[in-house]
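Please walk through this protein with me, one step at a time. We start with a pair of strands, then step back to the whole chain, and end in the loops.

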Amino acid sequence: MYNNFQAYLKKELADIESAGLYKNERIIVSPQGGEITLKNGTKALNFCANNYLGLANNPQLIAAAKEALETHGYGMASVRFICGCSDLHKALEAKIAEFFGTEDTILYAACFDANGGVFEPLLTDQDAIISDALNHASIIDGVRLCKAVRYRYANADMADLEKQLQAAQAQRFRLIVTDGVFSMDGNVAPLDKIYELASKYDAMVMVDESHSAGVVGRTGRGVTEQYNLRGKIEILTGTLGKAFGGAIGGFTTGKKEIIDMLRQRSRPYLFSNSIPPMVAAAGVKMVEMMSATNELQDKLHSNTEYFVTKMKAAGFDIKPTQSAICAVMLYDAKLSQTMAAKLQEEGIFVTGFYYPVVPKGQARIRVQISAAHEVEHLDKCIAAFTKVGKELGVLK
Ligand SMILES: *Cc1c(COP(=O)(O)O)cnc(C)c1O
């Protein structure tokens with residue numbers, strides 16, 4: 001039975017490889033951090049993790065996780081509503097709500113699940129979802145699982161959003177959904193204008209704060225802090241897998257009744273395991289740390305400004321960014337791969353992106369800045385970019 005299917009898969013895989021799209025994995029043997037150790041013993045500076053605040057190897061989070069391992073054990077072995085809810089899960093939900101200034105929070109195994117399980121329980125075929133064209137794959141999949149009428153607007157294009165909202169007046173309820181930070185460009189969704197349009201056209205708003213939580217806003221409270229809209233957005237989703245420690249877990253936070261309905265009806269919540277107690281305990285510690293000091297956010301913001309300023313001065317074409325994502329524009333697909341490979345030889349981990357991940361002719365290298373980086377790391381990265389940039393004729 002397998003022979004034909006095997007031949008088919010082999011051919012498909014060969015096609016992926018010959019198109020240069022085959023994904024290989026880098027094997028890391030150290031904790032995640034600004035500097036990492038690889039399986040072959042060499043060290044590299046990591047500029048492609050989502051470890052924005054450097055918490056993936058934070059001693060206080062490790063201590064909190066260890067303590068919970070002792071007091072609460074390793075796993076919950078249950079979904080939440082059967083017997084998978086500990087005091088630590090409830091504590092983390094309350095902490096996340098406090099962090100964002102929202103009414104309640106529901107935890108998931110991942111933000112992919114939070115987005116996969118948020119639309120279908122809330123909206124029906126009488127309703128409308130108006131979605132940014134560049135939203136994350138998990139939002140796209142979540143919308144597919146829901147019967148609501150779909151409208152799409154061009155990335156952060158407010159004239160187009162208004163047009164779609166006018167068309168969506170035909171439906172009962174309207175929900176605008178957007179990423180907080182778009183991961184390929186580093187731009188922030190214009191939430192002030194989205195909120196204005198939502199008020200004008202009687203729509204609710206959902207923001208995925210995965211790349212913005214802990215990063216955007218002076219104290220890292222995300223795009224609702226940046227635009228002074230704390231507590232005003234109906235639904236926020238986010239991940240514990242990026243700035244918030246980098247382990248695993250996701251959440252939806254927002255209006256009380258919405259969260260309550262998700263607890264009753266959201267399928268990834270009802271039919272999937274609870275996060276381990278140690279992850280919940282470390283999450284509680286993470287919010288406490290961020291409430292006690294703004295040190296990590298300040299360091300991240302100054303690192304990002306330093307990096308962008310110096311890269312521009314070196315002559316690179318950098319997309320305007322409002323986050324910790326820095327897109328070094330190269331425009332040529334092959335060049336983006338060659339340059340990323342050469343940077344890796346220099347001990348700098350970055351990722352080259354090209355079509356279809358970004359629009360045709362918009363190939364780039366994405367650099368992700370972290371509070372785990374020291375100025376010397378940033379300087380090494382800039383020096384390597386400059387060296388390789390000159391070799392490849394990107395810099396004159
Ligand atoms: C990373 C990401 C997710 C997925 O988060 P996980 O917790 O890793 O599943 C969802 N949405 C956005 C916008 C993301 O960047």
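**A walk through the fold**

Strand β3 and strand β9 (residues 250-254) pair in the antiparallel sense, and five bridges join them. Keep in mind that this is a predicted model. Tyr108 stands opposite Gly250 in β9. Asp104 has Gly254 of β9 as its bridge partner.

How covered is β3? Strand β3 spans residues 104-108, and four of its five residues are buried. Strand β9 is mostly covered too, with five of its five residues buried. Look next at the directions of the side chains. In a regular strand, side chains alternate between the two faces of the sheet. In β9, Gly250, Thr252 and Gly254 point one way. Phe251 and Thr253 point the other way. All of these residues are buried, whichever way they point.

Strand β9 has another pairing to follow. Strand β8 (residues 235-239) pairs with β9 in the antiparallel sense, over five bridges.

Now move to another sheet. Three strands form an open sheet in the order β1-β2-β11, with mixed pairing. Its edge strands are β1 (35-37) and β11 (348-349), each of which pairs on one side only. Strand β1 meets strand β2 (residues 43-46) in the antiparallel sense, over three bridges. To locate this contact, find Thr37: its bridge partner in β2 is Lys43.

Step back to the whole protein. Its secondary structure comes to 15 helices and 13 strands. The C-alpha atoms fill a box of roughly 60 × 60 × 55 Å along the principal axes. Does the radius of gyration point towards a compact globule or away from one? A compact globule of 396 residues would have a radius near 21 Å; the protein has 22 Å, so the two agree.

Of the 396 residues, 52% count as buried. Take the contacts between residues at least 6 apart in sequence: 69% of them join residues at least 24 apart. The accessible surface comes to about 18,400 Å², and 53% of that belongs to carbon and sulfur atoms. Charges come next. The protein has 43 positive and 44 negative charges, and their mean positions are 3 Å apart.

Last, the loops. Most residues other than glycine have a negative phi, and most peptide bonds are trans. Start with Ala77, in the loop between α2 (59-72) and α3 (80-83). Ala77 is not a glycine, yet its phi is positive, near 50°. Is Ala77 buried or exposed? Its relative accessibility is 75%, above the 50% cut-off, so Ala77 counts as exposed.

Go on to Asn228, in the loop between α9 (223-226) and β8. This residue is not a glycine either, and its phi is positive, at about 60°. Asn228 is exposed, with a relative accessible area of 68%.

The walk ends at a proline. Pro356 is found in the loop between β12 (351-353) and β13 (363-368). Which form does the peptide bond from Tyr355 to Pro356 take, cis or trans? That bond is cis, with omega near 10°.

Conventions: Residues numbered from 1 in each chain as written. Predicted model: local features only at pLDDT ≥ 70, side-chain atom pairs only at ≥ 80, totals over all residues. Heavy atoms only, no water. Helix = DSSP H or I, 4+ residues; strand = E, 2+ residues; numbered from the N terminus. Rg over C-alpha atoms; globule rule 2.2 N^0.38 Å. Buried < 20%, exposed > 50% of the residue type's maximum accessible area, 1.4 Å probe, protein only. Contact = heavy atoms within 4.5 Å. Areas by Shrake-Rupley, 256 points an atom, 1.4 Å probe, with all protein chains shown as cover. Lys, Arg positive; Asp, Glu negative; His and termini not counted. Charge placed at Lys NZ, Arg CZ, Asp CG, Glu CD. Pairing = 2+ DSSP bridges.
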